[in-house]
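Work through the exercises below with the structure in view. Try each task before you read its solution.

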Amino acid sequence: MHFAGGNRYSFQFLIPHLTGFDVIPLELPGRGKRLGEPLLKDFGQAAEDMFRQVKQKLSTAPFVFYGHSMGAYMALRASNLLEKEGRLPVALVVSGNAGPGLPGREKKRRHLLPREDFKEELKKIGGVPAEFLENDDLLNFFEPILRADFEIAEEHGMEDEPPTGAPLFALMGSEEENAGKIANWSRFTRSAFRSDILSGGHFFIQKHPQRVASVIRDCYTRTAFVQ
């Protein structure tokens, strides 16, 4: 489940390291193959959209959810919705944030910033090429998508989200804000919890595809949770 501004192609860098797995990338409306559909800005609606996609693609085989940044929130909500129907992922792998309801964290509303300030925030986060931010045509096209996703991520309302019954493995980059509070994710599982911090910023996953893939593989076999 992709990050803000992402789509079904956002995890292409991981697929070569997940041989033997059926990798199924999902995407929200308004981008990728769903470009003609209206953007969603409400977290609940976006999570329901992801959940519907999950249900359409589920087989009887065991499965793992993986979500980065905004996608991490989506994965947790989808896991809880699915649990109500009697199914659970083998594990939940989340990366790129320290989880909902982080104590003392000031709520950000970057989706409301003027364009120049919004561009500065994108530069800080990384993952967006500088030439992209300076190209008005590209920015005019992608800015509504980014703002819609930022609104979803920032207004998620998951502070009181119940914990999932699935084991949870959290990953963050060493340079990310709140990386030291990654254990906050432990509040959102009733099962085993593990975490790891890798070098890099918010898009550290692109520097460590082998490690991310190994976490997913180990979570699938549950060896990731063997102490």
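**Exercise 1.** At what angle do helix H2 and helix H5 pack, and how far apart are their axes?

Solution. The model is predicted. Find H2 at residues 70–83 and H5 at residues 136–154. The two helices pack at an angle of about 55°. Their axes lie 9 Å apart. Angles from 65 to 115 degrees would count as roughly perpendicular, and those under 35 as roughly parallel. H2 and H5 are therefore oblique to each other. Their crossing is left-handed.

**Exercise 2.** Which residues of H2 and H5 meet?

Solution. Start on the H2 side: Met70, Tyr73 and Met74. They meet Asp149, Ile152 and Ala153 in H5. Now sort the contact by class: 5 residues are nonpolar, none is polar and 1 is charged.

**Exercise 3.** What span should H2 have, and how far apart are its end C-alpha atoms?

Solution. H2 has 14 residues. At 1.5 Å a residue, H2 should span 20 Å. The end C-alpha atoms of H2 are 20 Å apart, so the two values agree.

**Exercise 4.** How many residues of H2 are buried?

Solution. Buried means under 20% relative accessible area. In H2, 13 of the 14 residues are buried. H2 is therefore largely enclosed by the rest of the structure.

**Exercise 5.** Is glutamine 210 buried or exposed?

Solution. Locate glutamine 210 in helix H6, residues 209–221. Its relative accessible area is 58%. The cut-off for exposed is over 50%, so glutamine 210 is exposed. Next, compare glutamine 210 with proline 16: they are 194 residues apart in sequence. In space they are 9.2 Å apart, C-alpha to C-alpha.

Terms used. Residues are numbered from 1 along each chain as its sequence is written. This is a predicted model: local features need pLDDT of at least 70, side-chain atom pairs count only at pLDDT 80 or more; totals for chains, interfaces and linings use all residues. Side-chain values use heavy atoms; hydrogens and water are left out. Axes are lines fitted to C-alpha atoms, for helices over the stretch in contact, and angles run from 0 to 180 degrees between N-to-C directions. Helices (H or I, at least four residues) and strands (E, at least two) are DSSP runs, numbered from the N terminus. Angles under 35 degrees count as roughly parallel, over 145 as roughly antiparallel, 65 to 115 as roughly perpendicular and the rest as oblique. A crossing is left-handed if the near helix is turned anticlockwise from the far one by less than a right angle, and right-handed if clockwise. Contact means heavy atoms within 4.5 Å. Ala, Val, Leu, Ile, Met, Phe, Trp, Tyr, Cys and Pro count as nonpolar, Asp, Glu, Lys and Arg as charged, and the others, Gly among them, as polar. The expected span of a helix is 1.5 Å times one less than its number of residues. Buried means under 20% relative accessible area, exposed over 50%, partly exposed in between (1.4 Å probe, protein chains only).
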